[in-house]
Amino acid sequence: METVWKATSKPSPLCTVLLLIILCILGFYSLHYPHSTVINPNAQNAPRFRQIFLSSATNYTIASYLRALTQHPHLAGTAPSLDTVNYVVSHFKNLKLQTHTAQYKTLLSYPTHSSLSAHFSNGTVHDLSLSESSDENDDAVVRPYHAYSPSGTAFAKAVFVNYGRDVDFQAIKELNGSVKGCVVIARRGDLPRGIVVQKAEENGAVAVLLYTEGDEVKGFERGTVMSGVGDPLSPGWAAVDDGESLELEDTRVLKRFPKIPSMPLSVRAAQLILDSLGGAPPPEKWPVDLRGVGPGPTFLNFTYQGEKKVATIHNVFAVIRGSEEPDRYVLLGNHRDAWTYGAVDPNSGTAALLDIARRYALMMRLGWRPQRTIILCSWDAEEFGMIGSTEWVEQNLVNLGSKAVAYLNVDCAVQGPGFSVGATPQLDSLLLEVTKKVKDPDSEGSTVYEKWAATNAGANIQRLSGADSDFAPFVQHAGVPSIDIYYGRDFPVYHTAFDSYEWMTNNGDPLFHRHVAVAGIWGLLALHLADDSILPFNYLSYAEQLQRYKGILSNLLDKNVSLHPLTTSIQELVSAAKEAEDEAKILRQQETTGDSVVLKKRALNDRLMLAERGFLDVDGLQGRQWIKHLIYGPPGDHESKLDFFPGVADAISQSARMSRKESQAAIQHEIWRVSRAIQRAARALKGELT
């Protein structure tokens, strides 16, 4: 028997509307949370894809990229540099990656004429070559120069000032010598070139010659003498077309440049001059074999003419859009411009970046998509003062502040043997984990971590207080957690015409195994940061580092300066870090992607990401407002013994010019500022309002 149901009445219009609303909500939920009741496929597949990434490395492809990039010199702002722009763009596009460029009009600096001759006491004159080519008319490689040096001439006695530090100039005075009115000769040490020139100027010198010493060193070390980073005509904002640009004569621009001219000198030419000097013998503390340090009797005829001009620079980007959190960015960056051929600096890193792009594209063809967006960045004009990266950070500051997970930098990927890395401390644990998964390039059967940990210094992770590569604007201005990776330390052809593909294949990395290792570590770090359900940040490492810094200060400062504010704020960070770690452990065990779990993970990840921003101070450092980070940044006095708390370091350095009471007050104020920054980071990590 069939039962027939008959409607006895029509549904009311209100019921119909409510039903439609419920269906819309369910549809919206299904659209935005399609995996709400299943295991996250990204979490399941991530280990397989990481293995594919590592196993798809080839040294041949990296070598081929480096050869192509270093066919010609490619100084930023010059026509040949466009070849490398086009090469990187074509590479990304051929891999079917979303590719775009960003252009800026910035002030760069180039030489037009230079000469140097030595006039010896016996009446002979020696013209000192300022070219690295046997053909003096070869203009493919830019002549040795210091970018942003003022033009100038001098005919004056030569004097040697060791490394050009304050203590070295003081030593000259104690020898009853003077550099006033002289051409100063200094060897390169830890001080930036511009600081050496500035100190020489303050002591009355009229020109400066800098050389790099070493048995294998040859050529001239080019470099910039501008202070600070970024385009000098747009301090704090991006140098976009039709944007605001200061005049070259503006005092804010002029203070970035030295007032006396300088040039690089080859070690051979330097030795010729130094061997001719008389005067008092060098102090015993100077490890140098000289008869005298001058002044004279040798005179130097010094001429440098240069031009500063606005040129267009080009940053190149490839974007791999995240499948679940496209508004969270993991950035990998390397600069592309070079003083000459740039095989080590920077195109060993560029070649590694291009190979990471190739491997990521392969993974995409096999079905991989990162959970968060990955952006590959190729910067321009780094050699002039991190200009390309700084302009981009300034232009995108708000989005980076709210969406950037981390920035991973590689400048000179390979300079020689030995793994080195710098990082903000919450990334220490991730670094150690990743280096245990990558084969060591120089020891069969070992990992990078095992070889690194076996060195005298152990698995030492440096910090990012310097302003010597493209991590500087990300850490010090935007507060983005960052890493800087490289193999080898110093190399003898730095910034010279001999930094070529041939040098790399003969000396730096003949089999390109170190390149493979750097690319493996770099790319694997990004995969964890893009795909781990919980960001692999550990702020307990940060708190431990801050505790060590407090211990150093306690041994350095007057007991009348209280460190109690630091103690309290660090304790707050420890508490917040422990809570975050406990929460992360619980959420990692929940593999389903139900909406409540997804939202909890997102909330925790945001707190982990944003805590670093807490270390920024809106007012920046005194006299250097662009630097906002109060934990890591270059001290104003580059001879400071502190490589942390730059505001405190500045106050300590300036104490000699103050009364004791004023000095203590200034240092105490900076300690309070650091303490408040640590509290901001702790509260951001907790995610709660007071």
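Let's start at Pro295, which sits in the loop between helix H8 (267-274) and strand E9 (299-320). Helices here are DSSP runs of H or I with at least four residues, strands are runs of E with at least two, and both are numbered from the N terminus. A cis peptide bond, with omega about 0°, joins Gly294 to Pro295. Another cis bond links Asp345 and Pro346, with omega about 10°, and Pro346 is in the loop between strand E10 (325-335) and helix H9 (347-365).

A quick word on the model: it is predicted, so local features need pLDDT of at least 70 and side-chain atom pairs count only at pLDDT 80 or more, while totals for chains, interfaces and linings use all residues. Residues are numbered from 1 along each chain as its sequence is written, and side-chain values use heavy atoms, leaving out hydrogens and water.

Now, please find Tyr148, in the loop between strands E3 (146-147) and E4 (152-160). Its phi is near 75°, a positive value in a residue other than glycine. Is Tyr148 buried or exposed? Tyr148 is buried, at 0% relative accessible area; buried means under 20%, exposed over 50%, and partly exposed in between, using a 1.4 Å probe and protein chains only.

Phe512 has a positive phi too, near 60°. You'll see Phe512 in the loop between helix H15 (501-508) and helix H16 (513-531), and Phe512 counts as buried at 3% relative accessibility.

Zooming out, the protein chain has 21 helices and 14 strands. Buried residues make up 56% of its 690 residues.
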